[in-house]
Amino acid sequence: MEYNDSLSIGMDDFSGNEDMEIPDVLPMMAVRDVVIFNYMIIPLFVGRPNSVEAVNEALGSNKLLMLVTQRDATKDNPVAEDLYEVGMVCMVMRTLKLPDGRLKVLVQAMSKARIKEYKRKEPSFQVSVEVIEEEEPGPITVEVEAMMRTVRDQTEKIMSLRGILSADLMMIINNIEEPGRLADLVGSNLRLKIVESQAILEETNPVKRLKLVSELLAKELEVSTVQAKIQNDAKEEMSKSQREYYLREQLHALQKELGDTDERIQEIEELEKKLKKRKMPKAIRKEAKKQLSRMEMMHPDSSEATIIRTYIDWILDVPWEKSTRDRLDLVAAKEVLDEDHFGLEKVKERILEYLAVRKLNTTTKGPILCFVGPPGVGKTSLGQSIARAMGRKFHRMSLGGMRDEAEIRGHRRTYIGAMPGRIIQGLKTVKSNNPIFMMDEIDKIGSDYRGDPSSALLEVLDPEQNFEFSDHYLNLPFDLSKVMFITTANMSDTIPSPLLDRMEVIRLSGYTQEEKLVIANRYLVPRQLKENGIEATHIKLQDETLTYIITHYTHEAGLRNLEREIGKICRKVARKIAEGGRGPYSITRQTIDKYLGPPKSIPDSEIQTLDQPGLVTGLAWTEVGGEILHIEVNLMPGKGKLTLTGQLGDVMKESAQAALTYCRSRSQEMGVEEDYFDKIDIHVHVPAGAIPKDGPSAGITMATALYSAIAKKKLIKGLAMTGEVTLRGRVLPIGGLKEKALAALRANINKVIIPDQNKMDLSEIPADVKEKMQFFPVKDMDEVVRIAFGHPEKKTGRRQRKA
């Protein structure tokens, strides 16, 4: 139900219906947003089913209908408590059915009435009504006459201020001599609140009703006066601004005609043009316009103007909504990844998974990946390859040694020389808001009195927060959720736990000898030939020679030193070519020392090891990959003293103590007397004494070495082991199994004893490595002893090819 503002009000039309008899029971309809007064003719739009039913019921009898106003206009199905008790009995004068099913009804107010009882509520209201008789106004006194004039004057002023003054309406108002009718007519045309209009309606004394209207008019006049003043001031301000704009445009035109254009004006105009062209969020554009207006009012030589100009330039240069389109062809992306890198299947699979999800859901957020592995395994180059595969821009920043939080978040503009942080700087450099953003050496971040950069990175590397990353310099939110962040580290132990928790860690182990050979032929040799300006016809490098370089001139998990050695050979060949040589120069094992000098490392497989009891090979994990660890035990007459040498850490010393306790508990199995340990001294030594060593994974190695020396038994050949030991001889799990397995393979060791709880880690070891090796999962030291001395009694000695 809606109230139509266009009212038709007459006085003479009511005379014929004032004496009509009103029944006690009438259909009732609720109206909203309007209070109907005496002598009103008003159109109503009827849409609610119960209201339509009430109108039809009135048309079917005497056309009389009780109309009452809702207390809450928002309710579509009001009940009795939602309606006022006093309303108007109206006659339905005309109806029109609209195409949408609603009715347009013209009603004429007949008499004021009060609801006594609700007779029916469905399908429409039917009520018992009581006609409210109007009190006699009595003779018109001077006070009443003055009040009537005041009401007329106030009504004219209010309508004039609102711009709705009508000569016809004012003529009707001026001709009314009855205070009650004047109050009703004015109240129906002033857009008062429903509560105020209802109060006027319910007042039966004409003079009191007129007084109430006068009080409301006084309040409304005050409000309308203030409102008109506000509108007038706003209009004057707008006119002033338009005038200034017009004059400024005229001034610019005159200066242009005279060839006397101010450089300052040109600068402002250029910035305005750039601002119009740049795509950016509304809030950012609003801030840029504000700063541009400030700059326009400042003297160009002031320091503040220079700061604002730099700030505006940064806002314009940051790629707020500029991005590159992802290449979502998974086949093509796989070809690019395979072309750039050999192996690394796990990383490639993760990138292809992201592209697949991105293809199905374009709104997915960028992943936060962390590549952890030794130096030279291709972590940084892998990021570049990912960017090429996805068709994105690539940016790299190093976090190593960073100590200032402002490097990430930027400096506040109050400081001299302030700049945004390196995150925003990198995005400006690549001119894209969805690049591959690589952060190298995240495990080497520092902190001092200037702040903690790792804490600042918590927001950057959190997909739930970085969609509103705020740089201190810009002080505006930037959406980093489209950026694909990739971090690199040599080890995850030094990365703060909250930061590590936000990243998906992917570990890159070292390469096998065979993988290094393939990578050297496919990538390293062609790259060094190109960098040193020689052709493939100038040099001959056989696989046998490359293998010899890998085993005798490098000792690493990655490929950096291998590429350096290949580069050294290429440089010497390039010199010979430059001096007039023609080549080709064949590099063999016999001539390699002329190019690279004597071998820099001797493989463990070529080292002459003593085949004696008390000598055991262990496996260790380092930042640069897996290593072979030799443990030696010597016994001598003494008083039960245990000596540990080789720069062992506290954890390793405790492992030796636990290993000795286990051996003492097995004196009977080793065939020694109970007081044997009181008559000897034991010396445990780990060679390479200049290198600090620590960790629990050498526990079973030390226990086996002690057992071997005491029992005077030799171990089977080609065996290494790793695992933590307890006092009771239980073998606990360790980390870095893949790196240790690769280290064993490099040393031509094909049998490795591992903790039983590490069986699940065998799935991470390449299939070609598992084909060449046997892994023996064990639960306790008794199993280790049986395997180590060649007496396997359980299935643990079988090949674990499917592990």
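**Entry 1**

Strands here are DSSP runs marked E of at least two residues, and helices are runs marked H or I of at least four, numbered from the N terminus. The model is predicted, so I note its limits: local features need pLDDT of at least 70, side-chain atom pairs count only at pLDDT 80 or more, and totals for chains, interfaces and linings use all residues. Residues are numbered from 1 along each chain as its sequence is written, and side-chain values use heavy atoms, with hydrogens and water left out.

Next I checked the strands themselves. E11 (residues 436-440) runs parallel to E14 and is joined to it by four bridges. I then turned to E9 (residues 368-372), which is parallel to E14 (residues 484-489) and linked to it by five bridges. Leu369 has Ile486 as its bridge partner in E14.

**Entry 2: is E14 buried or exposed?**

I found six of the six residues of E14 buried, so the strand is largely enclosed by the rest of the structure. Buried means under 20% relative accessible area, exposed over 50%, and partly exposed in between, with a 1.4 Å probe and protein chains only. I looked at both faces and each is covered. Met484, Ile486 and Thr488 are buried on one side, and Phe485, Thr487 and Ala489 on the other.

**Entry 3: the sheet**

I traced an open sheet of five strands with parallel pairing, in the order E10-E11-E14-E9-E15. Two strands pair if DSSP finds at least two bridges between them. E10 (394-398) and E15 (504-507) are the edge strands, and each pairs on one side only. The twist averages 20° from one strand to the next.

**Entry 4: helices H18 and H19**

I looked up which residues meet between H18 and H19. Leu546, Ile549 and Ile550 in H18 meet Leu562, Glu565, Ile566 and Ile569 in H19. Contact means heavy atoms within 4.5 Å. I sorted these residues into six nonpolar, no polar and one charged. Ala, Val, Leu, Ile, Met, Phe, Trp, Tyr, Cys and Pro count as nonpolar, Asp, Glu, Lys and Arg as charged, and the others, Gly among them, as polar.

Definitions and conventions:
Axes are lines fitted to C-alpha atoms, for helices over the stretch in contact, and angles run from 0 to 180 degrees between N-to-C directions.
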